[in-house]
Amino acid sequence: MANARFDVVALGELLIDFTENGRSGQGNPLFEANPGGAPCNVLAMLTKLGWRCAFVGKVGKDMFGRQLAAATGEAGICMDHLVFDQEVRTTLAFVHTLPGGDRDFSFYRSPGADMMLTEQELPLEVIAGCRIFHFGTLSMTHPGVRAATCRAVACAKQGGALISFDPNLRPPLWQSLEEARTQISYGLAHCDILKIADNELEFMTGETDFGKGAAMLRQRYPNIRLLNVTAGAEGSHAFYEGLRVFVPACKKGGVVETTGAGDTFCACVLGFVLEHGLKGLAEGQLAEMLGFANTAAYLVTTKKGAIRAMPTPQQVRQCLG
């Protein structure tokens with residue numbers, strides 16, 4: 001694995017997040033077209049950390065697809081394996097910012113180009129040669145792209161990669177919540193590294209107690225070696241072997257919106273694993289990992305969007321003090 005071409009390969013959605021940006025002189029709402037999509041958000045932060053990253057996915061052959069290809073390429077992500085769909089348009093998400101910075105999403109994806117990725121379009125050699133393969137569940141909502149995702153996971157595993165999974169639950173995109181549970185269970189059963197939000201942990205276990213919920217997942221899915229639970233403005237928890245570590249969130253004010261915060265956190269964890277591995281981690285190392293990830297996640301919330309809002313390692317360390 002030392003000679004892997006890419007440190008991290010991610011597969012999934014690449015879309016435009018239209019975020020609210022005031023009103024026009026006529027009183028109409030204005031929206032800023034921010035490049036986004038959870039897997040590429042993760043890769044954008046990883047490239048800021050100095051890791052080699054590649055994306056696998058599909059956009060429409062339209063103005064938004066071209067904008068996304070340019071923005072992600074500028075971020076340093078290898079986009080050689082981005083496919084342009086000739087007929088289906090790029091997925092769009094309109095983001096309504098709630099008080100406190102949280103969000104409500106309206107997706108235009110019936111269908112969206114990211115759903116059209118097929119097994120035949122996968123760069124299997126690239127996937128098999130990476131150190132970490134990362135995915136979520138937006139590439140599991142429909143049969144075709146689900147088959148492509150499962151093929152990619154199997155290929156990465158066969159190549160010796162660690163598997164990283166983030167459920168990234170978006171209920172409006174599923175035909176039923178039971179189907180969402182089924183596909184999240186697939187991800188949980190195949191990952192080595194799990195980043196899961198507090199609401200997703202409750203969704204999958206029925207538990208609001210993080211310790212009990214994490215214990216349930218670890219019992220059901222013993223393949224999970226590092227389990228991180230994010231709790232928004234409260235902070236994050238790491239569960240590793242017999243250790244449980246909690247680090248409070250960075251709270252310095254100035255939150256604009258929270259798009260990309262969880263993805264930024266996830267990227268920092270993956271960067272830590274690339275540097276330190278998954279064997280013999282100590283409590284202090286886990287605390288350091290969470291502190292850095294929490295701070296980076298905070299910094300991205302002080303700007304709109306995600307891919308172009310990722311902080312540098314120097315900015316994170318400066319904020320940590």
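Predicted model: local features only at pLDDT ≥ 70, side-chain atom pairs only at ≥ 80, totals over all residues.

Mentor: Gladly! Residues are numbered from 1 along each chain as its sequence is written, and side-chain values use heavy atoms, with hydrogens and water left out.

Trainee: Why does Ser 236 count as buried?

Mentor: Buried means under 20% relative accessible area, exposed over 50%, and partly exposed in between, with a 1.4 Å probe and protein chains only. Ser 236 has 1% relative accessibility, so Ser 236 counts as buried.

Trainee: What joins the side chains of Ser 236 and Asn 294?

Mentor: A polar contact of 2.8 Å. The term needs a pair of N or O atoms within 3.5 Å; within protein, one must be able to donate a hydrogen and the other to accept it, and residues adjacent in sequence count only if both atoms are side-chain atoms.

Trainee: How do you know that β12 and β13 pair?

Mentor: Strands are DSSP runs (E, at least two residues), numbered from the N terminus, and two of them pair if DSSP finds at least two bridges between them. Strands β12 (residues 235-240) and β13 have six bridges, in the antiparallel sense. Ser 236 lies in β12, and its bridge partner in β13 is Val 247.

Trainee: What makes β13 an edge strand?

Mentor: The open sheet of nine strands has the order β5-β4-β1-β8-β9-β10-β11-β12-β13. Strands β5 (82-85) and β13 (243-248) each pair on one side only.

Definitions and conventions: Helix = DSSP H or I, 4+ residues; strand = E, 2+ residues; numbered from the N terminus.
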